[in-house]
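Please open the model in your viewer, with the sequence panel beside it.

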Amino acid sequence: MTRLDSPATLDPRRYHEAAPARADIRVERPPVCLYLEVTNRCNLLCTTCPRTYEELEPPADMSWGLFTSLVDQLPNLARAVLHGVGEPMLVKDLPRMVAYLKARDTYVLFNTNGTVLSEKNGRALIEAGLDELRVSLDASTRESYIQVRGKDYFARILRNMRAFRALQEREGHVKPKVSAWLTGLKETLHELPAFVRVAAEAGVGEVYLQRLVYFEHDAVGLARPDQALYERMDREEAAILAEAEAEARRLGLTFSASGAATEPGMSLKRPDEATPWSTCRRPWNVMYITANGRALPCCIAPFSQRGYENYTLGDATRDTLRAIWNGPAYADFREALLSERPPEACANCGLRWSL
């Protein structure tokens with residue numbers, strides 16, 4: 001029997017094959033992907049992030065004890081994502097966490113804003129065995145970076161990325177795989193071809209245009225309906241996207257504008273029917289644990305509905321993951337997702353999916 005964390009299962013395209021029958025609201029198989037919000041602290045003020053505008057939970061880094069207890073409950077964990085609403089590289093124990101997971105053959109990745117990607121921190125992540133490092137840059141110029149991310153760190157991040165990639169090339173490190181990400185906003189879409197060139201100049205080989213998810217009511221900052229590209233892209237914007245794709249081909253970069261590089265096999269692609277949430281398999285495959293131990297259905301929920309109390313499915317500081325996974329809250333959540341009246345966070349997520 002193939003282990004869930006074996007290399008054969010790390011291809012994202014394979015994960016959907018193990019999805020349970022749609023009618024199952026209890027799942028005997030444990031989650032194959034675990035989101036661990038190693039911190040909810042951040043050093044930026046991004047205009048597309050709800051934590052910029054309100055305190056979602058008390059500020060915290062996930063304790064080493066909570067981290068190891070969660071990982072140890074899932075010995076066959078295939079994939080671990082070490083980010084949430086904070087900046088993972090602010091956490092002192094991050095390389096130690098990566099190494100702990102890699103000792104179990106788990107595929108490990110996280111998103112970073114790149115502000116503290118120093119040679120020391122980068123080398124520690126290389127030595128720990130990190131598989132993938134995603135840099136959320138969101139701009140091709142200093143001016144637009146400040147507009148979207150809230151602080152003037154654009155030049156620093158580019159220096160950090162170049163230095164890290166140079167270190168990898170110089171010493172022959174193929175891991176972690178480094179990619180650059182831009183959130184799909186009408187405000188900045190015109191920069192996408194230039195963004196591809198910026199990534200190439202920094203030595204980064206993959207570029208992704210990330211979906212925008214926003215609150216249905218009382219949208220914040222640039223996370224607004226008028227900024228979304230999904231179902232709203234006009235001919236001129238489509239031409240920009242095509243130009244960026246051509247530029248990536250010219251430069252030999254991997255490029256995707258579909259969200260295909262998110263957690264394995266679970267990116268929503270809206271079907272023809274009016275229930276886009278029905279294709280989501282996250283509550284059958286993924287668990288998200290906040291820095292304070294709160295169990296959420298996925299990393300998108302905080303961005304699509306206000307109030308963690310609306311989609312909290314358990315407390316990992318009090319109950320086992322197994323008890324939460326098949327507890328009444330998870331069962332009710334799955335059942336609602338399979339209905340025509342899904343949880344509000346899911347309805348907003350599916351209907352507001354960008355690209």
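A cavity here is a set of points, on a 1 Å grid over the protein atoms alone, where a 1.4 Å probe fits but cannot get out; lining residues have an atom within 4 Å of a point. Grid points are joined across faces, edges and corners, and a volume is the space filled by probe spheres set on the points. The model is predicted: local features need pLDDT of at least 70 and side-chain atom pairs count only at pLDDT 80 or more, while totals for chains, interfaces and linings use all residues. Residues are numbered from 1 along each chain as its sequence is written, and side-chain values use heavy atoms, leaving out hydrogens and water.

Next, select Cys280, Arg282, Cys298, Cys346 and Cys349. Of the 14 residues lining the second largest cavity, these are the closest to its centre. The volume of this cavity is about 100 Å³. Its lining comprises 13 nonpolar residues, no polar ones and one charged residue (nonpolar: Ala, Val, Leu, Ile, Met, Phe, Trp, Tyr, Cys and Pro; charged: Asp, Glu, Lys and Arg; polar: the others, Gly among them). At least two lining residues come from each of α8 (282–285), α11 (328–337) and α12 (344–351), and α12 supplies the largest share, three residues. Helices (H or I, at least four residues) and strands (E, at least two) are DSSP runs, numbered from the N terminus.

Now select α11, in which Tyr330, Ala331, Phe333, Arg334 and Leu337 are buried (under 20% relative accessible area, with a 1.4 Å probe and protein chains only). Viewed down the axis of α11, the buried residues fall within an arc of 165°, so they line one face of the helix; the arc is that of the directions from the helix axis to the C-beta atoms.

Two strands pair if DSSP finds at least two bridges between them.

Finally, select β5 (residues 177–183). Why is this strand largely enclosed by the rest of the structure? Six of its seven residues are buried, so the rest of the structure largely encloses it. Five bridges join β5 to the parallel strand β4 (residues 132–136), with Ser136 opposite Trp181 and Val135 partnered by Ala180. Five bridges also join β5 to β6 (residues 206–210), again in parallel; there, Ala180 stands opposite Val207.

Technical notes
Buried < 20%, exposed > 50% of the residue type's maximum accessible area, 1.4 Å probe, protein only. 1 Å grid on protein atoms, 1.4 Å probe; cavity = no way out; pocket = protein on both sides within 12 Å on 5 of 7 lines; lining within 4 Å.
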